[in-house]
Amino acid sequence: MRISRRGVPFLACAVAAPLLLAGVVATTAWAQATAPDAAAIYKSKCLMCHGVNGATKVPATNLADATWAHGSSPAEVSAVIRNGVKGTLMAAFKGKLTDPEIEALTKYVRSFDKTLK
Ligand code: HEC
């Protein structure tokens, strides 16, 4: 078979386009697979002390009562998760959770407080 000169770029596109598409699909699947699942992490590492949706009867551990002893900003909440609260049962999760996991949890636990934006 003789491939004309004009046929070469066409062939190149015909090969490259599906490869590119496969790459995009694979990247999207990878991103979904690796995005931290805050709800699942909360369930396994936080729920036993902070309750379902942060609603405990104990004020110190309640994350839904619009009272934040250590501040309610994303930076303050993530700092508590990262560093813990010395002298309490709140442990430091730095080193146990990745930064993206801590950020996802910060967003998740702040969502328990309906007065926060
Ligand atoms: C062993 C029990 C325990 C576990 C597990 C735990 N916490 Fe805590 N957490 C506490 C206690 C107790 C406090 C209150 C500390 C204090 O008295 O200031 C607290 C405080 C907090 C605060 C600050 C609340 C405020 O009012 O400012 C945040 C945010 C928080 N925890 C998030 C988490 C997250 C997220 C996880 C899971 C990764 C987690 N905690 C796991 C016991 C726990």
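Where is the place of Asn53? The legends below treat this residue and several other sites in a predicted model.

**Figure 1. Asn53 and Ala66, two residues with positive phi.**
The place of Asn53 is in the loop between helix 3 and helix 4. Although Asn53 is not a glycine, its phi is positive, at about 55°. Asn53 has 14 other C-beta atoms within 10 Å and is therefore partly exposed. Ala66 also lies in the loop between helix 3 and helix 4. The phi of Ala66 is near 65°, again a positive value in a residue other than glycine. Ala66 counts as exposed because it has 12 C-beta neighbours inside 10 Å, and the limit for that class is 12 or fewer.

**Figure 2. The helices of the protein chain.**
The protein chain contains five helices and zero strands. Followed along the sequence, its pattern reads α-α-α-α-α. The chain has 117 residues, of which 11% count as buried.

**Figure 3. The shell around the ligand.**
The ligand is surrounded by 21 residues, and the closest are Cys46, Cys49, His70, Thr88 and Met90. Two or more residues of this shell come from each of helix 3 (47-50), helix 4 (74-83) and helix 5 (99-110). By residue class, the shell around the ligand consists of 16 nonpolar residues, four polar residues and one charged residue.

**Figure 4. The largest nonpolar core.**
This core is made up of 10 residues: Ala38, Tyr42, Cys46, Leu63, Val77, Ile81, Phe93, Ile102, Leu105 and Val109. Helix 2 (38-45), helix 4 and helix 5 are the elements that give two or more residues to the core. Helix 5 gives the most, with three residues. In soluble globular proteins, nonpolar side chains tend to be buried together. Cys46 is a member of this core and is also listed among the residues closest to the ligand.

**Figure 5. The crossing of helix 4 and helix 5.**
Two packed helices are described by the angle between their axes and the distance between the axes. For helix 4 and helix 5, the axes come within 9 Å and cross at roughly 120°. Helix 4 is therefore oblique to helix 5. The crossing in which helix 4 passes helix 5 is right-handed.

**Figure 6. Glu103 and its approach to Ser78.**
Glu103 has its place in helix 5. Glu103 is partly exposed because 16 other C-beta atoms lie within 10 Å, a count between the limits of 12 or fewer for exposed residues and 20 or more for buried ones.

**Figure 7. Lys94 in the loop between helix 4 and helix 5.**
The loop that holds Lys94 runs between helix 4 and helix 5. Lys94 and Ala79 are separated by 15 residues in sequence, and their C-alpha atoms are 9.3 Å apart in space. Is Lys94 exposed or partly exposed? Lys94 counts as partly exposed, because it has 14 C-beta neighbours inside 10 Å.

Note on methods:
Residues are numbered from 1 along each chain as its sequence is written. This is a predicted model: local features need pLDDT of at least 70, side-chain atom pairs count only at pLDDT 80 or more; totals for chains, interfaces and linings use all residues. A residue is near a molecule or strand if its C-beta atom, placed from the backbone, lies within 6 Å of it. Helices (H or I, at least four residues) and strands (E, at least two) are DSSP runs, numbered from the N terminus. Ala, Val, Leu, Ile, Met, Phe, Trp, Tyr, Cys and Pro count as nonpolar, Asp, Glu, Lys and Arg as charged, and the others, Gly among them, as polar. A nonpolar core is a set of buried Ala, Val, Leu, Ile, Met, Phe, Trp, Tyr and Cys residues joined through C-beta atoms within 7 Å. Axes are lines fitted to C-alpha atoms, for helices over the stretch in contact, and angles run from 0 to 180 degrees between N-to-C directions. Angles under 35 degrees count as roughly parallel, over 145 as roughly antiparallel, 65 to 115 as roughly perpendicular and the rest as oblique. A crossing is left-handed if the near helix is turned anticlockwise from the far one by less than a right angle, and right-handed if clockwise.
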